[in-house]
Amino acid sequence: MMYNPQLETFLCVADAGSFNKAAATLYITPTAVVKQVNLLESSLGLTLFTRTHRGLVLTEAGKSLYKDSKYIIRYCKASVLRAKSAGGEEKVIRIGTSPMTPGQFLVDLWPKVHSLCPDIKFELVPYENTPENAREILANLGQNIDIVAGPFDARALQNWRCAALLLSRQPIRLALSLHHPLAGKTRLTVQDLHGERLMMIRRGWNGAMDALRDDLAQKHPEIEIVDFDFFNLDTFNRCENANDLMVAIDNWKSVHPLLKVVPVRWKFTIPFGILHAPTPSPTVERFLEAIQQVTGAGEELPKIQ
């Protein structure tokens, strides 16, 4: 272990909201939990919790340490895995997962891929979907996270400084609230969208989305296009709360329980694949070759417009 084990106790207490509940989770006594937290606070010179009659509440310093501790622990564990991999001890691929980049793509492929790479193991690494995290993770694939699945295009790969294995071209769908007047339809037409507000990712994020935007602006000015900067949970919440429509793909059906994803009678699609480092590790390279073998997937990318 490369980090202070008291950090894990601190995280458990913060999640549980009390020393007793954390003790039950950790299978140690409440006294031992209190002692570890006190030692951590003393060594750092910080007060991490405010003790109230309702339980424990993180101080501002505690909130800051809580976020960083999760990263520190995850980074240290990843460092050990990298060391083991470098020493030939263990072959592990770390898959970055978030609501927008789920690891579901592996479920259907796994039986066939496993038969070709029985020695490869996988670790799911959750992360918060923010623009800053996306840039940091994608520009440094192969360090703490090896692969991420999601939509892309050639310009995006250039900006993100990563490569991709194209798995499919996903139809561009629309997400809408279960309470929206159009929610009863199993398929929409473009004319259904007349008079509606359509949330679209800002221009330049993806060429396929830009092509759809241009087509709608030229042929269907009756649709009000509303820009947003990034796909994350806040964007999905905004769609539901405003009762707007929003561009989406099938992989995001489960992101928000009050939204449904509906097909539209148009032919617009978006490339979807596995994002990886430009020079992947031998283990990741073997995995990608296995994916290509069982699916016929390829490296073909849309041209930069």
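Visitor: Which residues is Phe231 in contact with, leaving aside its neighbours within four places in sequence?

Guide: This is a predicted model. In it, Phe231 is in contact with Met100, Asn129, Ile201, Trp205, Met209, Phe236, Val247 and Trp252.

Visitor: What makes these count as contacts?

Guide: The test is heavy atoms within 4.5 Å.

Visitor: Which residues touch the most other members of the largest nonpolar core?

Guide: Phe231 and Phe287 do, in a core of 72 residues. Helix H10, residues 282-295, gives the most to this core, with five residues.

Visitor: Why is a set of residues called a nonpolar core?

Guide: Its members must be buried, of the listed kinds such as Phe and Leu, and joined through side-chain atoms within 4.5 Å. In soluble globular proteins, nonpolar side chains tend to be buried together.

Visitor: Why does Gln158 count as exposed?

Guide: Exposed means over 50% relative accessible area. Gln158 has 56% relative accessibility, so Gln158 counts as exposed. Its place is in helix H7, residues 154-160.

Visitor: How far apart are Gln158 and Gln104?

Guide: They are 54 residues apart in sequence. In space, they are 25 Å apart, C-alpha to C-alpha.

Visitor: What share of the protein chain is buried?

Guide: Buried residues make up 47% of its 305 residues. To be buried, a residue needs under 20% relative accessible area.

Visitor: How many helices and strands does the protein chain have?

Guide: The chain has ten helices and twelve strands.

Notes:
Residues are numbered from 1 along each chain as its sequence is written. This is a predicted model: local features need pLDDT of at least 70, side-chain atom pairs count only at pLDDT 80 or more; totals for chains, interfaces and linings use all residues. Side-chain values use heavy atoms; hydrogens and water are left out. Helices (H or I, at least four residues) and strands (E, at least two) are DSSP runs, numbered from the N terminus. Buried means under 20% relative accessible area, exposed over 50%, partly exposed in between (1.4 Å probe, protein chains only).
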